[in-house]
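Work through the exercises below with the sequence and the model side by side. Try each task before reading its solution.

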Amino acid sequence: MVPKIAVIGAGIAGIHCSSELIKQGYQVDLYEKSGKVGGRMKTDLIKGFQIDHGFHVLQTGYEFTQSVINYDKLEAKAFEPGALVIRSSTRRNKIWRLSDPFRRPFSSIKDAFGFFASPFDMLKVLLMRRKITRIPLSEIFDEGELSTEQWLSEQGFSQGFINRFFYPLFSGIFLESELRTNERLFKFVFRTMSKGDMVLPKNGIESIPLLLSKRIPKQNIKLNSEVELVSQNLIKVNGADIEYDGVVIAYDNRPIQSKKHVWTLYFSADKSPFPSKHIMLNSEIRDFDNLISYVSVPSDIQPSYSPAGKSLICITVLGEKCEQLGLHLENEILSKVKSELLKWYGEDTKSWESIATQHIIKALPETDSSIFRKSISKVDDGFFRCGDYMMHGSVEGTLISARNTVEEIVRSIPLSQ
Ligand SMILES: Cc1cc2nc3c(=O)[nH]c(=O)nc-3n(C[C@H](O)[C@H](O)[C@H](O)COP(=O)(O)OP(=O)(O)OC[C@H]3O[C@@H](n4cnc5c(N)ncnc54)[C@H](O)[C@@H]3O)c2cc1C
């Protein structure tokens with residue numbers, strides 16, 4: 001008899017796990033409580049704009065993901081390497097263009113010399129890059145118990161440089177406002193960014209799970225099916241008990257849930273406020289009472305994100321930063337963001353139309369160093385597990401976790417029983 005496996009949750013972890021098991025010859029049912037696949041990788045169509053669920057990109061430096069997903073099929077296009085960095089002023093805002101701080105740190109960061117980059121910090125970036133890119137990927141999660149902030153201080157960076165460069169970028173990636181994330185994840189992200197580009201698929205971030213789900217026969221995907229876990233071999237769906245040889249939990253069902261949340265605000269404008277295809281970091285996010293971490297314009301990269309003649313502007317605001325400023329309501333956050341945009345981009349912003357304001361709770365898992373390395377996919381209760389919460393909050397971490405789970409199932413429930 002072919003072993004029967006239930007996979008619960010059709011985010012990219014559950015989808016990849018299911019399709020690989022089917023490829024190996026297992027009989028698989030993939031259950032999803034909502035009406036569509038993709039989990040957190042969603043795109044809504046609003047007034048002709050493609051609105052992703054939070055600012056969401058793929059990296060060409062994700063080595064495992066590259067082996068799973070055909071980036072060409074997604075018609076993915078790259079942001080320009082590096083970033084714009086803004087400092088506001090009552091007289092004239094200053095914008096620096098860091099052309100490629102990850103691959104060519106010296107030539108890039110020297111542009112910002114005098115404000116946040118001292119020669120000493122520039123040299124440190126060079127040394128850090130050399131050190132991190134030499135660590136093989138298989139070893140990058142092996143050791144280190146410091147937070148990102150502690151680790152950067154230990155490398156000798158000045159606090160000003162951490163606050164104005166590393167903080168806006170990495171707090172926005174980790175979706176937390178303290179740089180408390182473990183140093184190993186920082187090194188992984190830094191290494192990834194040093195080796196590739198940030199890309200956006202043509203048809204929105206949801207096109208990634210949609211592409212992956214095509215590998216699973218339609219009848220094996222059960223949408224609108226919230227599962228109740230009964231035991232390692234039994235689940236309850238829509239009132240019915242169903243037995244399986246193995247059950248995979250592909251969503252985070254740990255009792256302590258993540259506190260990481262993010263607000264994403266989308267605006268329509270007649271033209272892009274940016275001179276180049278970069279994201280723009282707020283160098284003052286840590287020092288002042290302002291909210292915006294960074295701004296991107298997805299339609300500059302993929303014109304399909306907006307109707308003809310319009311630009312789509314995406315603003316990322318950390319939930320923790322809102323809490324620190326006592327802002328909890330959508331209209332308070334929208335109004336503060338608009339006042340910051342006015343300061344940065346001038347009177348034009350008054351005509352920008354708000355298209356969507358999203359509040360995404362449990363956006364990324366709180367993972368610690370113990371989880372990165374163990375590659376666990378089965379714990380004492382007998383259930384198999386996969387998802388970013390078993391590795392780290394990224395497409396790469398999620399897909400690796402799914403692969404590990406498939407390997408574990410093949411070992412413990414072999415096809416020829
Ligand atoms: C705002 C934001 C920005 C991000 N940006 C990036 C980025 O730029 N680059 C990057 O690499 N990663 C990014 N990520 C991370 C990436 O999206 C996630 O790591 C990945 O999508 C996690 O997939 P998953 O399958 O583990 O979980 P999920 O996508 O959460 O999937 C779990 C699924 O399980 C379903 N489910 C839950 N309970 C049940 C039940 N009882 N029965 C049936 N179904 C159930 C849910 O409905 C859901 O569909 C971002 C995430 C967010 C939220």
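**Exercise 1: the core**

Task: Find which residues touch the most other members of the largest nonpolar core.

Solution. Of the 110 residues in this core, Val7, Ile8, Cys17, Val248, Tyr266, Ile313 and Val317 touch the most other members. A nonpolar core is a set of buried Ala, Val, Leu, Ile, Met, Phe, Trp, Tyr and Cys residues joined through C-beta atoms within 7 Å. Helix H6 (residues 159-174) gives the largest share of the core, 9 residues. Domain 1 (4-39 + 206-256 + 366-412) and domain 2 (58-200 + 261-360) both contribute residues, so the core lies between them.

The model is predicted: local features need pLDDT of at least 70, side-chain atom pairs count only at pLDDT 80 or more, and totals for chains, interfaces and linings use all residues. Residues are numbered from 1 along each chain as its sequence is written.

Next, take Val317. Leaving aside neighbours within four places in sequence, Val317 is in contact with Val262, Trp263, Leu265, Leu291, Ile292, Ser293, Cys322, Ile333 and Val337. Contact requires that the C-beta atoms of two residues, placed from the backbone, lie within 7 Å.

**Exercise 2: two domains**

Task: Describe how domain 1 and domain 2 are placed and where they touch.

Solution. The domain bounds come from an automatic or database domain assignment. Taken over C-alpha atoms, the centres of domain 1 and domain 2 are 31 Å apart. The contact involves 14 residues of domain 1 and 14 residues of domain 2. On the side of domain 1 that touches domain 2, helix H8 (207-213), helix H12 (369-374) and H13 each supply at least two residues. By class, that side has 7 nonpolar, 4 polar and 3 charged residues. Here Ala, Val, Leu, Ile, Met, Phe, Trp, Tyr, Cys and Pro count as nonpolar, Asp, Glu, Lys and Arg as charged, and the others, Gly among them, as polar.

**Exercise 3: a helix pair**

Task: At what angle do helix H1 and helix H13 pack, and how far apart are their axes?

Solution. Helices (H or I, at least four residues) and strands (E, at least two) are DSSP runs, numbered from the N terminus. Axes are lines fitted to C-alpha atoms, for helices over the stretch in contact, and angles run from 0 to 180 degrees between N-to-C directions. H1 (residues 12-24) and H13 (residues 395-412) pack at about 35°, with axes 8 Å apart. Among the residues that meet are Cys17 and Leu21 in H1, and Leu399 and Val406 in H13. The residues of this contact divide into 10 nonpolar, 5 polar and 1 charged.

**Exercise 4: buried or exposed?**

Task: Are Arg385, Gln232 and Asn224 buried, partly exposed or exposed?

Solution. A residue is buried if 20 or more other C-beta atoms lie within 10 Å of its own, exposed if 12 or fewer, and partly exposed in between; C-beta atoms are placed from the backbone.

- Arg385 lies in strand E20 (residues 384-385) and is buried, because 26 other C-beta atoms are within 10 Å.
- Gln232 lies in the loop between strand E11 (227-231) and strand E12 (234-237). Its count is 15 C-beta neighbours inside 10 Å, so Gln232 is partly exposed.
- Asn224 sits in the loop between strand E10 (221-222) and E11. With 11 other C-beta atoms within 10 Å, Asn224 is exposed. Phi of Asn224 is near 50°, a positive value in a residue other than glycine.
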